Amino acid sequence: MRTRRALCGLLLLGVMPLASALPAQSVATVIRVSSLIDGAGAQRGPSDVEVRDGRIVAVRDAVGALPTNAVELSGHTLLPGLIDTHVHLAWYVNAQDRLHTASDGESAQIQALNWAANAWATLRAGFTTVQSIGEPENKWLRKAITRRLIPGPRLLTSLGSLNERTGGGSPDSLRAAVRRFKAEGADVIKIFASASIRDGGAPTMTDAQLDAACGEARALGLRSIVHAHAAEAIARAVRARCTQVEHGVFADSTARAVMAMAGTYFDPQCGLVFRNYLDNRPRFDGIGNYNAAGFAAMERALPLAERGIRDAYAARGLKMVFGTDAVAGAHGRNADELVCRVRQGGQSAMAAITSATSLAAESMGLEREIGRIAPGYAADLIAVSGNPLDDIERLTRVTFVMKGGVIYRNDPRR
Ligand SMILES: [Zn+2]
């Protein structure tokens, strides 16, 4: 017990060993802050949040003397840990300063270290849960984080993806592929139902194919996340009762209305993903569809994407969830997308925060576990100096990160 308390003391001082194999504290910790945003649209003044065994046990007004093991974050705002529903944690920039590909000769060890670095960068930036959709490698990363071998966000993953050609593309072969992902341990099914934005974004899967893939996922108790740019590709995903639509750069008012009516979550990107590609062009140029036409398509998409956030925010009843599509170069900068949402997309700061906390949790079926500061929820908590409702950019300078009751960052001077 003494050792454990001593370790907790170190943690509270912000002396955090990188490889955290530490258990959550068994003694209560009180975090005192000047303000609090609960993740469900409400704000409080000076508050004490009590954490025990990795969970929030009480939220109350800050009054009286603090216990000795308290964390005092005066002048700071506490929020639920942020949630990004669309990242690619296995994407990284290799030793040649280029996008890592299977043929670049990097060893398995180097690859694994880069995944770990991405996970740590993401957690340090205040993202305590992410959904990494697309890479089989996420299986080992998820295991290493769950075993606390390395620090990283809670990780949900699809372990791969389906498209119109999977197994020949028949409905039966798509259903079989969904069952294989389930057997491999996928948390969610990722489906490509339109071409890439760099190739025009046209629909690629038929109604029958989407029915098979999303229907099989539903039958197995899995969610389905569909990459779709063209309005028709979105309409097909909605008709097939898929859970979530990604990107939607060419969504129109009809596509937004059918998503809202069906309760389909919509995850459009405002700018980080395109700006990251354009800013890092030499690192991607010449690989696959990262060519002159592809970069021109992304330049053209930028104003459409910002306009798309504005339109989606204005669409009545549309559940616009938060996801960045963070790839190599963007890990740890996920909150830049929140800044774009508010500044270029016109979303209110509170709505943007809710989309990245309680609404994101709901989209993953974790609405009773994470995404809110309330008794019973996991103690995934972050803090920033000042109030992000006054300046959303404060979320890019997170000073405190707790996940499951363990403090991973406490740097109040930032
Ligand atoms: Zn993606």
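Here is a chat about how some labels on this predicted model were reached.

Biologist: What should I know about the model before we start?

Modeller: It's predicted, so local features need pLDDT of at least 70 and side-chain atom pairs count only at pLDDT 80 or more, while totals for chains, interfaces and linings use all residues. Residues are numbered from 1 along each chain as its sequence is written.

Biologist: Why are α4 and α5 called roughly parallel?

Modeller: Their axes cross at roughly 30° and come within 8 Å. Axes here are lines fitted to C-alpha atoms, for helices over the stretch in contact, with angles from 0 to 180 degrees between N-to-C directions. Angles under 35 degrees count as roughly parallel, over 145 as roughly antiparallel, 65 to 115 as roughly perpendicular and the rest as oblique. So α4 and α5 get the roughly parallel label.

Biologist: And which residues of α4 and α5 make the contact?

Modeller: On α4 (171-184), they're Pro-171, Leu-174, Arg-175, Val-178 and Arg-179. From α5 (207-219) come Ala-208, Gln-209, Ala-212, Ala-213, Glu-216 and Ala-217. Contact means C-beta atoms, placed from the backbone, within 7 Å.

Biologist: What makes Asp-325 count as buried?

Modeller: A residue is buried if 20 or more other C-beta atoms, placed from the backbone, lie within 10 Å of its own, exposed if 12 or fewer, and partly exposed in between. Asp-325 has 24 such neighbours, so it counts as buried. Asp-325 sits in the loop between α10 (292-314) and α11 (336-343).

Biologist: How do you know where domain 1 and domain 2 run?

Modeller: The bounds come from an automatic or database domain assignment, which gives 2-80 + 371-410 for domain 1 and 82-363 for domain 2. Their C-alpha centres lie 29 Å apart.

Methods
Helix = DSSP H or I, 4+ residues; strand = E, 2+ residues; numbered from the N terminus. Contact = placed C-beta atoms within 7 Å.
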